[in-house]
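These notes are meant for a colleague opening this structure for the first time.

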Amino acid sequence: MSRLSSSSTTPRRMRVLAAAALTALAAMSVAAAPAAAVGGLDRAKVARDNPADELRAELDEMRDEVTDAKRYRGDDALQKQLNALVKKHRFPGALATVEDGEGRTRYYTAGVGDLKTKAEVPVDGQVRIASNTKSFTAVTVLQLVGEGKVELDEPIETYLPKLLRGKSGDGRKITVRQLLQHTSGLPNYTRWMPNILDVRNKYSSPQDLLKTAFAHKASFAPGTKWEYSNTGYIVLGLLIEKVDGRPVGEAITDRIIERIGLRHTYWPGKRVKTIRERHPKGYASRKPGGRLVDITHLDPSWGGAAGQLIATPSDLNRFWLALMDGKLLKPAQLSAMKKTMKAPGFPAGWEYGLGLMKMPLSCGGTAWGHGGDIDGYETRGGVTDRGRAATIAVTTLPATERAAMSVIKAADTALCAER
């Protein structure tokens, strides 16, 4: 798959260039409407060649975005669906970033970024991407496979002796591949987690999470069934640390985030509960449909290598595009990652590979991605074989199955649209 690099960074630059002379112009950006990317590649080159022209290039891009926003007629199918997510399904806010096969980017928002102040949803704001983290973890493991340091069909016992023993599973019988594809049978520790509102400030080490899982019996014999398990990815995080010789967050940062220039993606440090950059607030309730409580600040350590990362929708798109373009894995490892199997419990037709989902599209063809759910945020999206990438984020978990499917439908619309 070939593609041009994304040329639009205007919304984020507007936030950086917050000088008084720019205030009026920046205020004209339309947070509730899409804004197309235009002319960014040429202007970026000018700025590099002559730093003194950088401000002028930034202003030109901003003016183009405002002009495009004025042309917006409000009939975009994706915008309508985001509006419906807010009005019909009671998501406080929604945001999306779509990049077409030519590298042009459009941004969307709906609802509010703060229920109390009614502040707008930040364009391409940072969110907790939850289980999309699994794909970053899987890529890191597969890089180690490509380097000859790990074997996919080797028992995890080889790398983490005596870690897995007893009724929950035997590391001598569970392979690295089975951990990556959710066929290990390890019990999923998140089933027994307390309500997030009670433990939002609690730090949990990987060992703490495994202790919770290991208090329960294995779900099935390794390799005999498929069942989603966060526990397997906590183990894979420990594998990365053992083989790569550094914390899993550092390995992912060096091997993926910095390598492909994801400037707004990061692994929160130990006991860091905040989100660094502009972001919509995330909300949770004690029961589906209950009163929403601000859950933006929490200790994400309970997600670990299974769900700790923070990113913007556009950065997540860049990750999927780089992955499918072969910029992160050698051909053999990417092929292994894309070898899928049926995933019971997920939408019809969805299949799972090695930390990667294959999702059929209503317009034909498939998308590759993952998705993530954490108290406060849900993300859906991926990349098509034509090189179109999209990420949708909402700011609370769906209260009903219909609401959940509506988020998926919005992602499908974004990935299928040609304009």
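1. In helix H11, the buried residues are Val248, Gly249, Ala251, Ile252, Arg255, Ile256 and Ile257. Around the axis they cover an arc of only 160°, which puts them on the same side of H11. The helix is mostly covered, with 7 of its 10 residues counted as buried. Please keep in mind, here and below, that this is a predicted model.

2. What do the buried residues of H11 pack against? Their partners are H6, H10, helix H12 (304-307) and helix H13 (313-324). Two of these partners, H6 and H10, also meet one another, and that pair is taken up next.

3. The axes of H6 and H10 come within 10 Å and cross at roughly 40°. That angle makes H6 oblique to H10, and the crossing of the two helices is left-handed. On the H6 side the residues that meet H10 are Lys134, Thr137, Ala138, Thr140, Val141 and Leu144, while H10 contributes Asn230, Tyr233, Leu236, Leu239, Ile240, Val243 and Asp244. Sorted by class, this contact of H6 with H10 has 8 nonpolar, 3 polar and 2 charged residues.

4. Helix H10 (residues 230-244) has a further partner in helix H9 (residues 206-213), and the axes of these two come within 10 Å and cross at roughly 145°. The crossing of H9 and H10 is again one that counts as left-handed. In H9, Pro206, Gln207, Leu209, Leu210 and Ala213 take part, and in H10 they meet Thr231, Ile234, Val235 and Leu238. The residues of this contact of H9 with H10 divide into 7 nonpolar, 2 polar and no charged.

5. The axes of H5 (residues 77-87) and helix H15 (residues 401-416) come within 9 Å and cross at roughly 165°, which makes H5 roughly antiparallel to H15. The crossing of H5 and H15 is left-handed. From H5 the contact draws on Ala77, Leu78, Gln81 and Leu85, and from H15 on Ala403, Ser406, Val407, Lys409, Ala410, Thr413 and Ala414. By class, the contact of H5 with H15 has 7 nonpolar, 3 polar and 1 charged residues.

6. Which residues of H5 are buried? They are Leu78, Gln79, Gln81, Leu82, Leu85 and Val86. Seen down the axis of H5, these buried residues fall within an arc of 160°, so they line one face of the helix. That set of buried residues packs against strand S2 (93-99), strand S3 (105-111) and strand S14 (389-394), as well as against H15.

7. Asn83 is also found in helix H5, but this residue is partly exposed, with a relative accessible area of 27%. The C-alpha atoms of Asn83 and Thr109 are separated by 8.4 Å, and the two residues are 26 residues apart along the chain.

8. Lys162 lies in the loop between helix H6 (133-146) and helix H7 (176-181). Its phi is near 65°, a positive value in a residue other than glycine, and at 65% relative accessibility Lys162 counts as exposed. Arg271, placed in the loop between helix H11 (248-257) and strand S5 (283-284), likewise has a positive phi of about 65° although it is not a glycine.

9. The remaining loop residue is Ala119, whose place is in the loop between S3 and strand S4 (127-128). Is Ala119 buried, partly exposed or exposed? At 35% relative accessibility, Ala119 counts as partly exposed. Leaving aside neighbours within four places in sequence, Ala119 is in contact with Val112, Gly113 and Asp114. Ala119 and Lys281 are 162 residues apart in sequence, and their C-alpha atoms are 9.9 Å apart in space.

10. Finally, some totals to set these local points in context. The protein chain contains 15 helices and 14 strands, and of its 419 residues 56% count as buried. Among contacts between residues at least 6 apart in sequence, 71% join residues at least 24 apart.

Terms used. Residues numbered from 1 in each chain as written. Predicted model: local features only at pLDDT ≥ 70, side-chain atom pairs only at ≥ 80, totals over all residues. Heavy atoms only, no water. Axes fitted to C-alpha atoms, helices over the stretch in contact; angles between N-to-C directions. Helix = DSSP H or I, 4+ residues; strand = E, 2+ residues; numbered from the N terminus. Parallel < 35°, antiparallel > 145°, perpendicular 65-115°, else oblique. Left-handed = near helix turned anticlockwise from the far one by under 90°. Contact = heavy atoms within 4.5 Å. Nonpolar A, V, L, I, M, F, W, Y, C, P; charged D, E, K, R; others polar. Buried < 20%, exposed > 50% of the residue type's maximum accessible area, 1.4 Å probe, protein only. Arc of directions from axis to C-beta.
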